[in-house]
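Please brief me on one helix, its surroundings and some charged pairs in this structure. Keep it short and grouped by topic.

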Amino acid sequence: VLRALGIGPAGSLFAAGKLSENDRLLVAEFGVKGSADSSLGSVVSEAIRTDLGQSRAVSIVPTSMVRAALQRMQRPADARLDLALARDVAQREGIKAVVHGDITPLGGGFIVTARLLTAETGDELASFRETANGASDLIPAVEKLSRSLRSKMGESLRSVHGTPQLAQVTTASIEALRKFTEGDALADRDLPRAISLIQEALAIDSGFAMAWRKLSVMYGNGRYPAALRDSALVRAYRLRERLPQSEREIVEGYYFGTILQDRAREVRVYEAVVARGELGPATHNLALRYSSRGEYVRAESLYRRYIASGRAPLVTYNNLAAVLYHQGRSAEADSMLDTADARYGNPDLIKQSRVVTAYDRGELDSALAIAAGLRRGSDRAAGWFITASIEAAQGKLAAALRSYEQARGADSARGGLVQPLHDSVRAALYDVWFRSQPERAVRRLDAVLAQPLRNLPLEQRPYFEAARAYAVAGRPQQARAVLARYEAEVRDTTRFRIDAPNRQRAEAEIAIAEKRYAQAADLLRKAGQLPDGPINYCLPCQHAIFARAFDLAEQSDSAVVYLERYIAEPSVFRFVSEVDAFYRAGAHKRLGELYEARADRAGALAQYRLFVDLWKDADPELQPSVADVRRRIARLSVAEGSTPRN
């Protein structure tokens, strides 16, 4: 009665509110001193573990969890769990405390001591001692110790701050694991610091396969040279045989998708991990691959399962918002970004997604303000790239080129990938695309291709960009020569397979330049497919080029369909792909013209006004186009009986 009512020394710790059923306790093997039988330690430890397992105050860590932790520590599954090893396991698993003790012979009996210790510091929280008159009296003595511990540990454990669980990945070094865990937590918020921490982990344990994999992921996400990303991943792949099954499959899946660019094989590996009910990086990456195939519902389901587990990183929230956005559920996407903000404190990754939603709502000033904030953050280059893309879409070409230069400088300062030749190709495209100066564009391209590209890293060689630019400038033969140069200088059949979609897009531009519009459409369809399904990376890009091909082929109905799709398609990749930088303003203008030809005055006015709003502050050399559209608006407005609006 006293225990139930919480009265006196026998009062229930639950009634007193001092215990948490979430506390976990790890029992180490008891030590045996003197000449006593060493097997007594295992007997007493098991008895303590059994008795404490009856407590409602804590849950005893099961043997299966201990064995899994030992495997990740690269220790035998049956290793003796002495105090040092038990504390190591407890810290890795986020367990508050460890029970340990000693058995000391005394005459014909024993003194049994049990201690409750903090896992992190080894500080003693409680200590109890019982005497056993002989071996047959050991179990009753253990039962008394267990009762004493169960009475005390609720209060003691309540005073211990729970330490976060360390990442459940394989390394023999707990210090390396701590560095990895800290770096992993910062990956989506402070990438340079996160990379530094992972490198510190690898300096401690150079055989830490999952740290090599994580370093590769960070290099890839942070726009670092592909050589850094690939070398780290190859290192992880070579070490994979040391890993337990799930970790090994995570490394293999990422290797198949990144080095081999075999999405189907990558997906099969991740699906096997997820089918076993294991939520982790494989879940996130599988959802990412489903999304790349346009399977947004499947991707959403996986992202939500991972978030519900409580272990998902910031990027999972961000990617779920993108999947919702691509399904046209922008309000839910905004809500998911709000959730991520509340949990992680408005990180730059979420700000980048906010730019997209603001831009798509036509709130360009707001989008540029967010980008300006990003330029002061941990990834300054991302802020400058976004700024440049918006400025180009607004027809502010000179400002855009300056912003791209700032972005390259920011990337260079942190060791990221720099592509100066790509900037030159972009400037050439501006000349032919916007300024109607194909000869100047060709001179720029000739200067780029005069350099010995063979000596540059592959990702710095703008073969396909230059080929497309030559084709747009009306020089299909020179475009073909660039592709022939690519074949001569690369000579890697695996690389040819990986680059096939980019090559097909370049060949489509050549076909357009040669007025082979049906072939161009076929090439674009092929460029949008892999053996296992569509490449859903940038649907607006596909729609825009289809629209151009159909328009030049004088198939106006098809051109209208694809222009409308291009404008309406929700996509978070508009900035990354720079599709809007080249197509957005022209799409509004051309769609207005096609609507006007159909006598759809309302539709034409809407598109013309969107064009003017976008280019109202364009560079002076582009203002004649703006003036022409203003005149069209005035004429159509009079015909509609409405007041012209600038």
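The notes below cover a helix, a nearby serine and salt bridges.

This is a predicted model: local features need pLDDT of at least 70, side-chain atom pairs count only at pLDDT 80 or more, and totals for chains, interfaces and linings use all residues. Residues are numbered from 1 along each chain as its sequence is written, and side-chain values use heavy atoms, with hydrogens and water left out.

**Helix H11**

- Helices (H or I, at least four residues) and strands (E, at least two) are DSSP runs, numbered from the N terminus.
- H11 has 13 residues, 263-275, and should span 18 Å at 1.5 Å a residue. The expected span is 1.5 Å times one less than the number of residues. The end C-alpha atoms of H11 are 18 Å apart, which agrees.
- Arg 263, Glu 266, Val 267, Val 269, Tyr 270, Val 273 and Val 274 are buried in H11. Buried means under 20% relative accessible area, exposed over 50%, and partly exposed in between (1.4 Å probe, protein chains only).
- Seen down the axis, the buried residues of H11 fall within an arc of 165°, so they line one face of the helix. The arc is taken from the directions from the helix axis to the C-beta atoms.
- The face turned away from the buried side of H11 carries exposed Arg 268 and Ala 275.
- The buried residues of H11 pack against helices H10, H12 and H13 and strands E7 and E8. Contact means heavy atoms within 4.5 Å.

**Ser 291**

- Ser 291 lies in helix H12. Its relative accessibility of 13% counts as buried.
- Leaving aside neighbours within four places in sequence, Ser 291 contacts Tyr 296, Ala 299, Val 323 and Asn 536.
- Ser 291 and Asn 536 are 245 residues apart along the chain, yet their C-alpha atoms are separated by 7.3 Å.

**Salt bridges**

- The count comes to 57 salt bridges. Each is a side-chain nitrogen of Lys or Arg within 4 Å of a carboxyl oxygen of Asp or Glu.
- Asp 379 and Arg 223 meet in a salt bridge at 2.9 Å, N to O. The pair links distant parts of the chain, 156 residues apart. Asp 379 is buried at 19%, and Arg 223 is partly exposed at 25%.
- Asp 423 and Arg 426 also pair, at 2.8 Å, N to O. They sit three residues apart in helix H20, separated by about one helical turn.
- Arg 263, Glu 271, Arg 293, Glu 295, Arg 298 and Asp 532 are linked in a salt-bridge network.
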